[in-house]
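Q: I am new to this structure. Please show me how to read the place where two chains meet.

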There are 2 protein chains.
Amino acid sequence: MLHCLIIGAAGMLGDGLAKRLVKDGEIGGRKIGRLMLFDIVPAQAPHVEEISVTVEAGDISAVETAEQLVASRPDVIFHLAAIVSGEAERDFEKGYRINLDGTRNLFEAIRKANEEDGYCPRVVFTSSLAVFGSPLPDVIGDDHIITPHSSYGTQKAIGELLLADYSRRGFFDGIGIRLPTICIRPGKPNAAASSFYSGILREPLAGLPAILPVDTSMRHWFASPRAAIGFMAHAAAVSSELLAGRRNMTMPGVSATVADEIEALRAIAGDAAVALIRHEKDPAIEAILSTWPQAFEADRALKLGFEADESFEAIVRAYLEDYATDAEQA
Amino acid sequence: MLHCLIIGAAGMLGDGLAKRLVKDGEIGGRKIGRLMLFDIVPAQAPHVEEISVTVEAGDISAVETAEQLVASRPDVIFHLAAIVSGEAERDFEKGYRINLDGTRNLFEAIRKANEEDGYCPRVVFTSSLAVFGSPLPDVIGDDHIITPHSSYGTQKAIGELLLADYSRRGFFDGIGIRLPTICIRPGKPNAAASSFYSGILREPLAGLPAILPVDTSMRHWFASPRAAIGFMAHAAAVSSELLAGRRNMTMPGVSATVADEIEALRAIAGDAAVALIRHEKDPAIEAILSTWPQAFEADRALKLGFEADESFEAIVRAYLEDYATDAEQA
């Protein structure tokens, strides 16, 4: 029976992953017997009879915390915990403490356990498109250089390098997956520059107005929460031999312009929903987003069986199926 | 008057850089008034009247050491210190302590000084071709992904990422230069897999036999110690604006096969010298070196004025001019 640990289980993706693992009941044909949910605040435990679910809270940047998490020898560790990009940029020390030292502490705790008793878990690390920085080609290949233009992206890129080296040395069996921008993100608008990518769909779908601060020709790389959770679950089961020593990769996604988003909204919710989007240019936001990636090949991930959403319309439908009821209840 | 600090001053390149700075007497038109030489063991101070040279020894992986080095506010810091690749592979903890924590401690000490009084030195960081790992194209462009296959290469790649982020945040003005394999390395053969690249020239030039463990078609990327020292001196003076936010780059070099090396030796020292090379295949060494880079474009470095050796013959002549007398005296 597999023992799984989710670090960062209280966030939207961590919560979704916990629910998905409970629903699947297995990873790669092996039954899940135990699930530990960890975050800085207690995560919500899904109700299930067959799996023993425990909830722990603590600070991943403390060495002892990482050692305690590893003490029960989880077979699969999902490491999603991170200070988000805006906060890592505002608070330099905190970003490095959580995103770099926290990750390194976890990897070091596993290495020490490996030296003690040969412990060697699968580690799934969620990285980010923020590892890429301009100048970028229109379509970014799997061999494109990593040049982050943010402290968050730097910390994720360092996490990828550590994951690859610790895996090469045999301390654990790691896989790093760069998630596309999540869309439609459920909940409320936030201060992120990219918040409108979800907002111009989520708000009109709920009958509310939304502001579009960029030109409709702006193109970016997206995955639904459902697809992103699917990437994590699939990453837990990918055979290490197939990775051929390359442990980190960009996940497949849907490359779409804002115009594509709007047409998907129109197809599903009609002209009245589209009419709720107010065009109000914000040159600051446009300047930030113009340096972001537009599209990827993601050939390695596709060959390994990672599956993107089928279209932008599929992204909108996944939101309505997975979250719209929650949203109405909230 | 400039105050310069060389960290790793007791090594072959650090020693050569100190001599070069003393000989030049200036960096980018600004006179050098003070030169501090730091290493784990005391470096040899060049004799000079115009510049105040001090020698310090200590452990760069201690936080206090980094703070003490920064206390005198050097205008230019050359950070060359590292555990070499073989040792970093054998001793995992030591490699990370010196090559990662040592570098981060230095950068953190500068950041804290920057917060205190706006201190913002030029930092020249020597990185390595070891940041690249197979599969590699025959000619590697400036935008090729970094996938180290050694702990040393991982530590250098992380140093590059930190350098770029600390520079972007304005804590210092950094430049990271990936040095080609140094050839002809003066001194004795060592245990490195690449030792023969120098040995098959250095030994025959001194009338001694040498073993060639790989096929003569093996191709790699080289710079003389003179060129490498020139890269460091030039890096100290490159304008930050010209870097355009990309702080790390591969240095230009000479792409040569072992056959090219042998022909250069023949042109300079004749058939008798070439006859001292004994071909004795070592499949283990051949396997390692077959995954190493063969050639680079290095366009960014060339545009910034970094100058490679003119040919492999020039590399051999530079050795005879710069080191052959030393070698005979040793």
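Q: How many residue pairs are in polar contact between chain A and chain B?
A: A polar contact is a pair of N or O atoms within 3.5 Å; within protein, one must be able to donate a hydrogen and the other to accept it, and residues adjacent in sequence count only if both atoms are side-chain atoms. Between chain A and chain B the count is 20 residue pairs, both at pLDDT 80 or more. This is a predicted model, in which local features need pLDDT of at least 70 and side-chain atom pairs pLDDT 80 or more, while totals for chains, interfaces and linings use all residues. Residues are numbered from 1 along each chain, and side-chain values use heavy atoms, without hydrogens and water.

Q: How many salt bridges cross the interface of chain A and chain B?
A: A salt bridge is a side-chain nitrogen of Lys or Arg within 4 Å of a carboxyl oxygen of Asp or Glu. The rule finds eight across this interface. One joins B:E89 and A:R169, at 3.3 Å from N to O.

Q: How is a pair of aromatic rings described?
A: By the distance of the centres and the angle of the planes. Rings of Phe, Tyr and Trp (its six-membered ring) pair if their centres lie within 6.5 Å; planes under 30 degrees apart are stacked, over 60 edge-to-face and the rest tilted. Over all chains the count is 30 aromatic pairs. B:Y166 and B:F171 have ring centres 5.7 Å apart and planes at 70 degrees, so this pair is edge-to-face.

Q: Which residues do ring pairs link into a cluster?
A: The cluster holds A:F92, A:Y96, B:F107, B:Y166, B:F171 and B:F172.

Methods: Chains lettered and ligands numbered in written order.
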